[in-house]
Every structure is written in C-alpha cells, then in structure tokens.
Amino acid sequence: MTERVTLITGASAGIGTELARVFAANGHRLALTARRADRLEALANELSAKCGKKPIVIACDLQDNDAGERIAAALAAEGVELDHLVNNAGFGVFGDAIERDRDEQVGIVDVNVRALTDLSLRFADQLIRNKGGLLNVGSVAGFLPGPGMAVYYASKAYVISLTEALRAELAPRGVRVTVLCPGPVPTEFQARAGVGSGHDTALLNVSATEVAREAYRGLMANKRAVLPGLGIKIVPFALRFFPRGFILSATSRFQRQRH
C-alpha cells in the first residue's frame, strides 16, 4: 500500500512551520517544501524527534515554472502519494504596484496564484483517491481591494474564489476543501513585505500557532473557510454594509499608515 503524506508549501517559517507541527502532532507524515533547505532540514529533524516520522524535504522555489514537476518527481521517487495538500507559500510587497519592480510583482502571482493552482490541480487525483483534504491559505486581504499592496490583495481574492469553487467540485468526490483567511499575524511576512511596525498591533492578537491549530481543526471539520480570531471573523460580514468606494478609500488610508 502506497504511503500517504501531507505536503505543506512554505514550511520554513511562520504559519507554514506551525502547520507542519500541528499536522505532525496529529499523526501525519509530512513532505515539506520551501526555498530554504537548512530551515526545512532543521524542522524535519525537530518533527522526527518528536513524532518519529521523518518528513520528506523538498527544497524548491515556487516562482520557478517547473516547481510543480520537481515536487511531483520528488514525491514519486519516495514512493508516496498525497492525502492532504496545504498550499501555504505566499508573499507580498508593500508600495504602489506601478513603482515596485515588475518582476517582483509578477513573482507574487507566480507563488500565490500559479503555483497554488498548479499543485491543487496536479494532485487532485491523489486527494480524491485517498479521500483527503486541500487547505489553501488565503487572507482577509482577499475580501478587500488593496492599494499599496495591490497584487498581493488581488492574489488572495483569487485564492478564496478558486478554493470555494474547488470545494464544490471536489466535495462529491470525498475531498475536504478549506480556505484559511487570517488577518495580520506576527511572522516574517511583514519584514519581507516591507510593512512598518506598530500599526497592526490591535489586530496582531492571534499567533501563528493558534492560526495553524484553527486551520487544522477547520479542515478536519470540513469548514468552507477559517478566519482565526474574533476581530477577523466580522470583516466579511461588516463589508456588506459599506459601499465599495468607501472600502477602497479606507483601505488606502490604512495601508499608507503601515509604511
């Protein structure tokens, strides 16, 4: 019988690392992928010591066009199949899109949109065969327009839309599909994005560890969406009561304060 594993992308830091710890603690054997091989190896050794199952480590940059093929080849070489896929990898950059480096902006699409789509479709047959689950990491940003982080916000809107559609398509085939939509979480994301500190304090009240725990529980319970933290849960509901133009203006002002 082919061994089943959970593939987690972007596992070298932040929410991805915590998701790896939560899945491992619940008995899943893991395959971990991210750019930084040293961090992945350190995490794999940690999880092996705690849980007795050494994760498969696949050092890979999801911005590369052949990333999906390389990941699939590495898993095939290990003789394993996926029963769960966690598309966690993603990044954003702060600043007006037209003023930032174009390749950098397109790189956001490569990781947040193209790679996530590729892996979701590439391994769908395995998830169906093994009656598993798909967890895509979106963001509360996906419910909003995002001047100041335009491409990132738009990419997360895509993640939410795609995941909900895949949920409808895969549910009859026995696959759980959930989108995780956290608000700002204190991780390395802010530093990479170039977001200034001090303006998200009121929202930074859910740790990466708690986000990962809620995400795991939500996926196993087959929830459509997981929004960790009380403050974040009300955002999609509250947006119904404001004109889109007002939301755009308010988001723009908030973003300018973050730099």
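Author: Arg100 has a relative accessibility of 28% and therefore counts as partly exposed, a class that lies between buried (under 20% relative accessible area) and exposed (over 50%), as computed with a 1.4 Å probe on protein chains only. This is a predicted model, in which local features need pLDDT of at least 70 and side-chain atom pairs count only at pLDDT 80 or more, while totals for chains, interfaces and linings use all residues. Residues are numbered from 1 along each chain as its sequence is written, and side-chain values use heavy atoms, with hydrogens and water left out.

Arg100 forms a salt bridge with Glu104, their closest N and O atoms being 3.0 Å apart. The term requires a side-chain nitrogen of Lys or Arg within 4 Å of a carboxyl oxygen of Asp or Glu. Glu104 is likewise partly exposed, at 27%. Elsewhere, salt bridges with shared partners join Glu18, Arg21, Glu46 and Lys50 into one network.

Helices here are DSSP runs of H or I with at least four residues, numbered from the N terminus. Glu18 is buried at 14%, whereas Arg21 is partly exposed at 30%.

Arg21 also forms a salt bridge with Glu46, where the closest N and O atoms are 2.8 Å apart. This pair links distant parts of the chain, for Glu46 lies in helix α2 and Arg21 in helix α1, 25 residues apart. Glu46 is partly exposed, at 22%. By this rule, the salt bridges number 12.

Technical notes
Helices (H or I, at least four residues) and strands (E, at least two) are DSSP runs, numbered from the N terminus.
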